Amino acid sequence: NHYVQLKNITSRAPEIFISNKKDLSTADQIEFEKLHNDGLSLYDQRDFINALSLFNQALELDPESIPALHNLGMVYEKMGRLDEALGLYERVIFLLPSSTPTLNNLGNIYRELGMLDKAKNSFYKAIELKPDYAEAFNNLGWAHYTLREFEEAVNCFQKALMLNPNMVETKYNLSLCQLILGNYESGWLNY
């Protein structure tokens with residue numbers, strides 16, 4: 001399974017703008033933040049069913065919350081409900097086009113759904129907005145790999161590793177491409 005073995009890094013929404021709704025009462029704001037934060041805890045525990053419930057409850061209080069929409073998308077993604085994750089990520093990008101974590105995750109969904117040109121465009125946008133985004137370079141490399149564009153994939157994986165040399169999965173991805181291209185010395189070094 002390439003999704004597990006060749007890591008597609010999923011990014012969590014930034015904790016800024018927890019709630020966008022200006023007219024939430026203080027009590028509702030506190031409830032929203034509790035639901036959202038508890039949803040994140042359950043997500044981290046891989047309790048996706050209950051995380052789904054809490055993010056949906058938070059969104060009843062603030063339907064436009066960027067982090068809640070994004071993180072609900074992550075839950076759907078982990079549950080394999082890619083169409084629902086796609087819709088949520090697209091909604092976040094409509095509301096906040098500069099959300100690099102969402103662009104990264106959106107690219108992963110497009111790639112999983114076979115929409116490779118859209119995937120690459122999403123990763124390129126994330127990198128344009130955040131040039132030091134190692135995870136997006138890794139995921140762009142994997143999109144190039146899927147298209148058998150191995151030299152482009154190598155370049156992306158190398159950039160990701162320059163930004164974050166501790167990305168074990170990216171080292172593996174790089175070595176795989178190098179081996180395919182016949183660069184055995186470098187390929188076996190990182191394998």
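In this predicted model, the largest nonpolar core comprises 56 residues, and those with the most contacts inside it are L72, V75, Y145 and C177. The greatest contribution to this core comes from helix 3 (residues 48-61), which supplies 8 residues. The surroundings of C177 can be listed individually: with residues up to four places away in sequence not counted, C177 touches Y145, F150, A153, V154 and F157.

**Overall architecture**

The protein chain contains 11 helices and 0 strands. Its order along the sequence is accordingly written α-α-α-α-α-α-α-α-α-α-α. Of the 191 residues in the protein chain, 49% are buried. When contacts between residues at least 6 apart in sequence are considered, 53% of them join residues at least 24 apart.

Two packed helices are described by the angle between their axes and the distance between the axes.

| Helix pair | Axis distance | Axis angle |
|---|---|---|
| Helix 6 and helix 7 | within 7 Å | roughly 165 degrees |
| Helix 6 and helix 8 | 10 Å | about 15 degrees |

Helix 6 spans residues 100-112 and helix 7 spans residues 116-129; their axes cross at roughly 165 degrees. Because angles over 145 degrees count as roughly antiparallel, helix 6 is roughly antiparallel to helix 7. The crossing of helix 6 past helix 7 is left-handed. On the side of helix 6, the contact is made by T100, L103, N104, L106, G107, N108, Y110 and R111. Helix 7 contributes L116, K118, A119, S122, F123, K125, A126 and L129 to this contact. Sorted by class, the contact of helix 6 with helix 7 consists of 8 nonpolar, 5 polar and 3 charged residues.

The second pair is helix 6 with helix 8, whose axes lie 10 Å apart at an angle of about 15 degrees. Helix 6 and helix 8 are therefore roughly parallel to each other. Helix 6 also passes helix 8 in a left-handed crossing. N104, N108 and R111 form the helix 6 side of the contact, whereas E135, A136, N139, W142, A143 and T146 belong to helix 8. The class composition of the contact of helix 6 with helix 8 is 3 nonpolar, 4 polar and 2 charged residues. N104, N108 and R111 of helix 6 take part in the contact with helix 7 and in the contact with helix 8.

**Buried positions within helices**

I66 is located in helix 4 (residues 66-78). With a relative accessible area of 7%, I66 is buried. The C-alpha atoms of I66 and R91 are 8.9 Å apart in space, while these two residues are 25 residues apart in sequence.

S175 belongs to helix 10, which covers residues 168-180. The relative accessible area of S175 is 0%, so this residue is buried. Apart from its neighbours within four places in sequence, S175 is in contact with G187, N190 and Y191.

**Loop residues and backbone geometry**

Most residues other than glycine have a negative phi, and most peptide bonds are trans. Two residues of the model, R46 and R148, are described here with regard to phi. R46 is not a glycine, yet its phi is positive, at about 65 degrees. R46 is situated in the loop between helix 2 (26-44) and helix 3, and its relative accessible area of 55% makes R46 exposed.

R148 likewise has a positive phi of about 65 degrees and is not a glycine. R148 lies in the loop between helix 8 (134-146) and helix 9 (150-163). R148 is exposed, its relative accessible area being 63%.

D47 is also found in the loop between helix 2 and helix 3. Its relative accessibility of 25% places D47 in the partly exposed category. D47 and V75 are separated by 28 residues in sequence, and the distance between their C-alpha atoms is 9.2 Å.

Note on methods: Residues are numbered from 1 along each chain as its sequence is written. This is a predicted model: local features need pLDDT of at least 70, side-chain atom pairs count only at pLDDT 80 or more; totals for chains, interfaces and linings use all residues. Side-chain values use heavy atoms; hydrogens and water are left out. A nonpolar core is a set of buried Ala, Val, Leu, Ile, Met, Phe, Trp, Tyr and Cys residues joined through side-chain atoms within 4.5 Å. Buried means under 20% relative accessible area, exposed over 50%, partly exposed in between (1.4 Å probe, protein chains only). Helices (H or I, at least four residues) and strands (E, at least two) are DSSP runs, numbered from the N terminus. Contact means heavy atoms within 4.5 Å. Axes are lines fitted to C-alpha atoms, for helices over the stretch in contact, and angles run from 0 to 180 degrees between N-to-C directions. Angles under 35 degrees count as roughly parallel, over 145 as roughly antiparallel, 65 to 115 as roughly perpendicular and the rest as oblique. A crossing is left-handed if the near helix is turned anticlockwise from the far one by less than a right angle, and right-handed if clockwise. Ala, Val, Leu, Ile, Met, Phe, Trp, Tyr, Cys and Pro count as nonpolar, Asp, Glu, Lys and Arg as charged, and the others, Gly among them, as polar.
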